[in-house]
Amino acid sequence: MYAYLEAELDKLKTRLIKMGTLVEEQIEFAIKTIFEENLELGKIVIDRDDKIDKFDIKIDKLCQKIFAIGQPVATDLRLLMSSLSINKDLERMGDIAVSIVERAEHLAGHTDLLKKIRLEEMSQKVLVMINKTINSFINNDPDLALEIIKSDAVIDEMDREIFNMIINEMIENPSLIKPGAHTLLLLRYLERLADHSTNISEEVIFLVNANIIKHRKKLDEYLQKHAPELLSGTQTDSEKTEGQPNLPDT
Amino acid sequence: MKFSKITVHNLNLFYGKKQALIDNTMDLEANKITALIGPSGCGKSTFLRTLNRMNDLINNVKISGTVKIDDVDIYGKNVDVVELRKRVGMIFQKSNPFPKSVYENVAYGPRIHGINNKGKLDEIIELTLKKSALWNEVKDRLNDSALGLSGGQQQRLCIARALAVNPEILLMDEPASALDPISTEKIEELIFELKNNLTIVIVTHNLQQAARVSDKCAFFMLGKIVEYTNTRKMFTNPDNEKTLNYVTGKFG
């Protein structure tokens, strides 16, 4: 019976890795669509979103089957629980890739502005973060996951700075109000991608160490034990977006 | 406040030259259900039987270490074994009702402990059969042979027979392994209710059952307790790798 369960769990992990690498590529293409003004890549992103949705459903169904038939416990149970959660985050990241692409035509001709306000730099940092996130899941690496959680603070700091820069640009040059509004959305999408990466990293830590760190108090307890130097570097969602309006995810 | 009903210290048991239990120490809490799990031949049933000296009935058994119930060593010189087994009841894998009526099965224990008054016995039997969740099914056939009951009913009758002498501890050796899922569920519900008044130790091969009914769980391997912890921890994040491999089904 365990051989069956093991094979199904392997299948689950393989599917998640495939989905994760596809999502990573979708985001990379979406960012290139904006910064290289490459609308062909954007079309690919939109076409492939359906594939991600199929992965999402397939993974949910596989988890359901394994729960019902395999009745997993301990590490196997944690793999299933974290897979369900990671699946949800990846699916949302896929949706965000499409939302980014949808900003492309509104931002066409404004790449200089995006570069000036360091949005391209932020997008590259987010890409690195996502790549590391997928790797931490593939290799069951809680240390790398912790590093990602740390890097989210850098993204949040950039988010605050860039938000103010966009507002200032719009005040100085009212003709930028329309692209500025789309830039604000793009900024929020990038910040959200980093948040989803952080969520996945938290799941990797739960999967490997059985520590639940998805809320501030739990995260602080974990950091106190495993990386006290990071204690001041993390923020809650409300702290991250203080003073900013609530913009939609997608 | 938690307190230990049973305290086992450095317990060793030999069947002739073969050592079946190796230096085991554990405290079993009062009014809790403790499950003993482990692969076949790991010593869990032997351990269970040391708790009411059932191993005394086997030739060539040698025991060292102590087993205390309420701080009294049950292997002490002045211990009355009959009285001990009244306090520590036992249920076996295969139900073993006497070839007598339902009524006589339950009345047997109280009678040998000196209760012969019919009214008092009737009262005990009704109360005990109710506690065993069997009363509604057998109240109209108390004088029928117990052997005519279904397997699940026979097992609950055996539990009633054990409860009739007001034990403080109930030892159960795979009590539901020969039963269908519905009878198993009834036994499990019963175990859960009984823990309000009793300390229960259960040996089971069914890991899901251990996870469902027990508060604490001990994993045995090759005569030794490998891990003894809260059931939730045992099935979510055990400390020992051998335990992890066993509960996830990688061996056993």
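**Note on a buried glutamate, salt bridges and a sheet**

1. In this predicted model, A:E203 lies in helix α8 of chain A, which covers residues 177-209. Although A:E203 is buried, this residue has no salt bridge, and the nearest side chain of opposite charge, that of A:K214, is 4.6 Å away.

2. What does the side chain of A:E203 make a polar contact with? The partner is the side chain of A:S85, at 3.2 Å. If neighbours within four places in sequence are left aside, A:E203 is in contact with A:M81, A:S82, A:S85 and A:I86.

3. Over all chains, the whole structure holds 29 salt bridges. One of them joins A:K43 to A:E40, with the closest N and O atoms 3.4 Å apart; both residues lie in helix α2 of chain A, three residues apart, which is about one turn of the helix. A:E40 counts as exposed, at 53% relative accessibility.

4. In chain B, B:K130 forms a salt bridge with B:E126, where the closest N and O atoms are 2.7 Å apart, and both lie in helix α4, four residues apart. B:K130 is partly exposed at 47%, and B:E126 is likewise partly exposed, at 31%.

5. Chain B also has an open sheet of four strands, in the order β2-β1-β4-β5, with antiparallel pairing. Strands β2 and β5 stand at the edges with a single partner strand each, so one side of each has no neighbour in the sheet. Two bridges join β4 to β5, and B:I69 stands opposite B:V72 in β5(B).

Notes: Residues numbered from 1 in each chain as written. Chains lettered and ligands numbered in written order. Predicted model: local features only at pLDDT ≥ 70, side-chain atom pairs only at ≥ 80, totals over all residues. Heavy atoms only, no water. Buried < 20%, exposed > 50% of the residue type's maximum accessible area, 1.4 Å probe, protein only. Lys, Arg positive; Asp, Glu negative; His and termini not counted. Salt bridge = Lys/Arg side-chain N within 4 Å of Asp/Glu carboxyl O. Polar contact = N/O pair within 3.5 Å; in protein donor to acceptor, adjacent residues only side chain to side chain. Contact = heavy atoms within 4.5 Å. Pairing = 2+ DSSP bridges.
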